[in-house]
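Colleague: Could you walk me through this one slowly, please? I'd like to learn how to read it.

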Amino acid sequence: MSRVIQLPDTLDENTFEELISDLESARQGERLLFDARHVRWVSPYGLIGLLAAGQVGSDRTGLAPALEVPDSSDVRSYLDRMDFWQNASTIYDLGAHSTRPHGRSDALLEITPIRSHQDVHHVVERVREQAALILESRLHYPKPAVIQFSVMLSEVCQNILEHAEAVGWVCAQTYHWKRRLGRDVLVLAVMDVGLGFQGSLAAEHARRYGDRWSAATALEAAFLKGESRFRDPGRGQGLQAIRKQVTKWNGEVRIRSGDAMIARVPDWDDLSPLRADLPYFPGAQVLIVLPARAEEPVGT
Amino acid sequence: MTTLRPGPDPLVSEASLFSYLVTRPTGRAVRMGIEEQVAGCEGEVLTVLDFKDVAVIDYSCADEVVAELAFIAVRRPARLETDPRGPRRRFVLIRGLEAHHQDPIDSALRRRELAVAAELADGQPVLLGAVDESEAHLWRLVCERERIGPEPLAGELGLPEGEARVRLDELYRRRLLLRRAGEYISFRRVLFESAGRRERREPAPDRRGRRDTDTGRSSS
């Protein structure tokens, strides 16, 4: 028996719920087909969201899902450049589709799997030069911003290794958000399909919360109070530091885990800061948006 | 009141660090290398963490390296304090500190209510972590004087001598300065004296420019 999961024509953070809504009822032995033929635009969140959705589909059915490639040559070319197929080949049954040789993308960071701390080192060291260029010349951030960005990248990737106990992916790209913001933005997406915040923090915190323990309270505990799965007081700083830094840059950070999502919402967005009514999806999905400074800095 | 006797000069152990101090396992490996280097040392050891070449330090690594070393220094097991060969005490100084290192280190220390002495890249002394303004003021005074006893300090601050001593002892307990023969000594002074001793002992370089030094040095 097989089931077709029709992908939305825009694949990003706003259509992720649509992408995963059909997965909840996937059954063992059922063959899933992700139909991406009509996809016209993909963001970093959409790209690794498709990997995450495929992985969850595979875990639930016990079969590698199939993926129908996009009709749009622009989208296919973008997926090539972002190393999507290389990463998808370990999750999806791609049939005859093969990765074509491609030049370097203009992305800050192509899809990179995070399996070990060496991967985190690799990512942080690799992006430094280009991040400096983007943060300074496109977002007009002061010089030290590249170091703060590196620290943020390191902490958000380590979150996968510390809490997920599963593979994760990271990807970053810059855009000009003409309609939404009228400015350039840097978009960073990090995802895994592991334990999630509720599962990771349960042993240490669930009893204290009693009946109120849920994905939403786990996210609040980690994101707002700096609580961690470890008793060690030195733990739990990473997300706090990310929230503080993103706030300083008037950016957005949202973390989805289980059936909940928590966000630091900037004045330019109207996202709900906490939601607890989403379709269940394992692991944690993080989106960070850093907007260009509103005015050109003088003398920095 | 504790009787203070001059002991042997503290050993200075210098640690150069990786450019990218990111991730907990990296921090753990760096710290273990530093600890190993001074594990067998008796008496007092001042570990100098040289941040000159550190491009990035994240919060996890700051916790594993700096906060953990500070924790070990303050919470030494009691048996080491009563070691018949003399108490084994550890102190930590950060040098070459840049603005971008400060937030992760300061935050890691505050979470554990610890503090560490540091020198900015221009040599200016600063305290990082959980310290109040009166502690920081007193510590800066000791740094300015390099070595001072409670009596002259009490005079300067307009405090009773006993109170000055208690406050200086608290800085010593937090391993933010050294105590020797009734005086409290800044780490900079310790380094200066250590360098002087080394210079006096050090043979002139041979024709290839090589020389031996007695300073423990590790590259982590």
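Modeller: Let us begin with one pair of strands: β6(A) pairs with β7 of chain A, residues 168–177, in the antiparallel sense over four bridges. This is a predicted model, in which local features need pLDDT of at least 70 and side-chain atom pairs count only at pLDDT 80 or more, while totals for chains, interfaces and linings use all residues, and side-chain values use heavy atoms, without hydrogens or water. Residues are numbered from 1 along each chain as its sequence is written, with chains lettered from A and ligands numbered from 1 in the order in which they are written.

Colleague: What do "strand" and "pair" mean here?

Modeller: Strands (E, at least two residues) and helices (H or I, at least four) are DSSP runs numbered from the N terminus, and two strands pair if DSSP finds at least two bridges between them.

Colleague: Which residue in β7(A) does Thr112(A) stand opposite?

Modeller: Thr112(A) has Val170(A) of β7(A) opposite it.

Colleague: And how many strands are in the open sheet that these belong to?

Modeller: Seven strands of chain A form that open sheet, in the order β6-β7-β8-β12-β9-β10-β11, and the pairing is antiparallel. At the edges stand β6 and β11 (274–275) of chain A, and because each has a single partner strand, one side of each is left without a neighbour in the sheet. Helix α8 of chain A, residues 215–223, packs on the sheet, where it touches β9 (252–258), β10 (260–264) and β11 of chain A.

Colleague: Let's stay with β9(A). How many of its residues are buried?

Modeller: Seven of the seven residues of β9(A) are buried, so this strand is largely enclosed by the rest of the structure. Buried means under 20% relative accessible area, exposed over 50% and partly exposed in between, with a 1.4 Å probe and protein chains only.

Colleague: What joins β9(A) to β12?

Modeller: Seven bridges join β9(A) to β12 of chain A, residues 281–291, and the two strands run antiparallel; within that pairing, Glu252(A) has Val289(A) in β12(A) as its bridge partner. With β10(A), β9(A) pairs in the antiparallel sense over five bridges, and these two strands form a hairpin with one residue between them. Ser257(A) stands opposite Ala260(A) in β10(A).

Colleague: New topic: which residues have the most contacts inside the largest nonpolar core?

Modeller: They are Phe149(A), Leu188(A) and Leu290(A), in a core of 61 residues. A nonpolar core is a set of buried Ala, Val, Leu, Ile, Met, Phe, Trp, Tyr and Cys residues joined through side-chain atoms within 4.5 Å. Helix α6 of chain A, residues 145–164, gives the largest share of this core, twelve residues. Apart from it lies another core, of 48 residues, which includes Tyr45(A), Phe84(A), Ala88(A) and Leu287(A).

Colleague: What is Leu290(A) in contact with?

Modeller: If we leave aside its neighbours within four places in sequence, the contacts of Leu290(A), meaning heavy atoms within 4.5 Å, include Leu139(A), Phe149(A), Val185(A) and Trp249(A).

Colleague: Where does Val185(A) lie?

Modeller: Val185(A) lies in strand β8 of chain A, residues 183–192, and is buried, with a relative accessible area of 0%. Besides Leu290(A), and again leaving aside neighbours within four places, Val185(A) is in contact with residues including Gln173(A), Tyr175(A) and Trp177(A). Val185(A) and Arg138(A) are 47 residues apart in sequence, yet their C-alpha atoms are 8.3 Å apart in space.

Colleague: How many aromatic pairs are there over all chains?

Modeller: The count comes to ten, where rings of Phe, Tyr and Trp (its six-membered ring) pair if their centres lie within 6.5 Å, and planes under 30 degrees apart count as stacked, over 60 as edge-to-face and the rest as tilted. One of them is the edge-to-face pair of Phe34(A) and Tyr92(A), at 5.4 Å centre to centre and 90° between the planes. This pair links distant parts of the chain, 58 residues apart, with Phe34(A) in strand β3 (residues 31–35) and Tyr92(A) in the loop between α4 (84–88) and β6 (109–114) of chain A.

Colleague: Are those two buried or exposed?

Modeller: Phe34(A) is buried at a relative accessible area of 0%, and Tyr92(A) also counts as buried, at 4%.

Note on methods. Axes fitted to C-alpha atoms, helices over the stretch in contact; angles between N-to-C directions.
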